[in-house]
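Me: I am new to this structure and would like to go through it step by step. Could you show it to me before we begin?

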Amino acid sequence: MKKKDLPFMPEYYDRYIDLCEDKDIVDVLSETLVNINEDSVEKMRALGTMVYETGKWTIPDIIQHLIDTERILAYRALRFAREDKTALDGFEENDYAVTAQGYQRDFDDLVAEFQAVRMGTISMFKSFTDEMLQQEGTASNVKINVLALGYTIAGHQLHHANVIRERYLPLLEK
């Protein structure tokens with residue numbers, strides 16, 4: 001299914017969904033995984049723990065954040081695909097980042113974990129029928145369906161890739 005198949009655009013998540021192309025969700029998830037390639041990994045590795053502004057996350061913190069968020073959103077997708085109507089709570093990303101301490105982890109391990117999590121997400125979305133992709137639930141007090149969660153996962157990564165490109169990579173030129 002494609003973005004055009006979304007029955008509605010969920011509030012807040014639209015900012016991530018809008019970054020995705022209108023392609024099949026499995027293709028979008030696969031293509032955004034390919035964006036984490038050798039060249040981009042080398043540039044991110046070179047940044048180390050540099051930040052563009054005091055108090056901002058390091059590149060390892062961002063990758064850890066992508067891993068944590070993808071796991072949470074994929075879990076929501078699974079629950080909703082299985083027609084679990086339990087309203088799910090939100091999570092505080094900044095608290096997760098402080099506790100996770102991504103900046104202290106081995107960079108290659110983080111990248112490998114991100115890739116493994118994405119491969120699991122792709123496999124899960126491949127298993128969903130069109131009917132499952134249209135199942136809805138409530139998370140963080142927002143109504144959303146499984147398909148929208150898939151685009152949110154991909155768009156969230158694209159959002160952070162844009163931040164890295166616009167705010168972090170120029171640090172390598174200084």
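Me: What are the length and reach of helix H8?
Reply: Helix H8, residues 146-168, has 23 residues and spans 32 Å from its first C-alpha to its last, close to the 33 Å expected at 1.5 Å a residue. That expected span is 1.5 Å times one less than the number of residues. Helices here are DSSP runs of H or I with at least four residues, and strands are runs of E with at least two, numbered from the N terminus.

Me: What kind of model is it, and how are residues numbered?
Reply: It is a predicted model, in which local features need pLDDT of at least 70 and side-chain atom pairs count only at pLDDT 80 or more, while totals for chains, interfaces and linings use all residues. Residues are numbered from 1 along each chain as its sequence is written, and side-chain values use heavy atoms, with hydrogens and water left out.

Me: Back to H8: how many of its residues are buried?
Reply: In H8, 17 of the 23 residues are buried, so the helix is largely enclosed by the rest of the structure. Buried means under 20% relative accessible area, exposed means over 50%, and partly exposed lies in between (1.4 Å probe, protein chains only).

Me: What is found at the start of H8?
Reply: There, a side-chain oxygen of asparagine 145 comes to within 3.3 Å of the backbone nitrogen of leucine 147.

Me: New topic: how many salt bridges are there?
Reply: The count comes to 10 salt bridges. A salt bridge is a side-chain nitrogen of Lys or Arg within 4 Å of a carboxyl oxygen of Asp or Glu.

Me: Which residues form salt bridges with arginine 45?
Reply: Glutamate 42 is one partner, at 2.4 Å from N to O. Aspartate 108 is another, with the closest N and O atoms 2.1 Å apart. Since aspartate 108 lies in helix H6 and arginine 45 in helix H3, this pair ties together parts that are 63 residues apart in sequence.

Me: And how far apart are arginine 45 and glutamate 42 along helix H3?
Reply: They are three residues apart in H3 (residues 38-47), which means a separation of about one helical turn. An α-helix has 3.6 residues a turn, so residues three or four places apart point the same way.

Me: Is arginine 45 buried, exposed or in between?
Reply: Arginine 45 is partly exposed, at 31% relative accessibility. Glutamate 42 is partly exposed at 44%, and aspartate 108 is partly exposed at 41%.

Me: Where does aspartate 61 sit, and what is its nearest side chain of opposite charge?
Reply: Aspartate 61 is in helix H4 (residues 59-81). It is buried yet has no salt bridge, and the nearest side chain of opposite charge, arginine 105, is 9.5 Å away. For charge, Lys and Arg count as positive and Asp and Glu as negative, with His and the chain ends not counted.

Me: What does aspartate 61 touch?
Reply: Not counting residues up to four places away in sequence, aspartate 61 touches Gln101, Gly102 and Tyr103. Contact means heavy atoms within 4.5 Å.

Me: Where is tyrosine 103?
Reply: Tyrosine 103 is in the loop between helix H5 (93-100) and helix H6 (107-127). With 39% relative accessibility, tyrosine 103 is partly exposed.

Conventions. A polar contact is a pair of N or O atoms within 3.5 Å; within protein, one must be able to donate a hydrogen and the other to accept it, and residues adjacent in sequence count only if both atoms are side-chain atoms.
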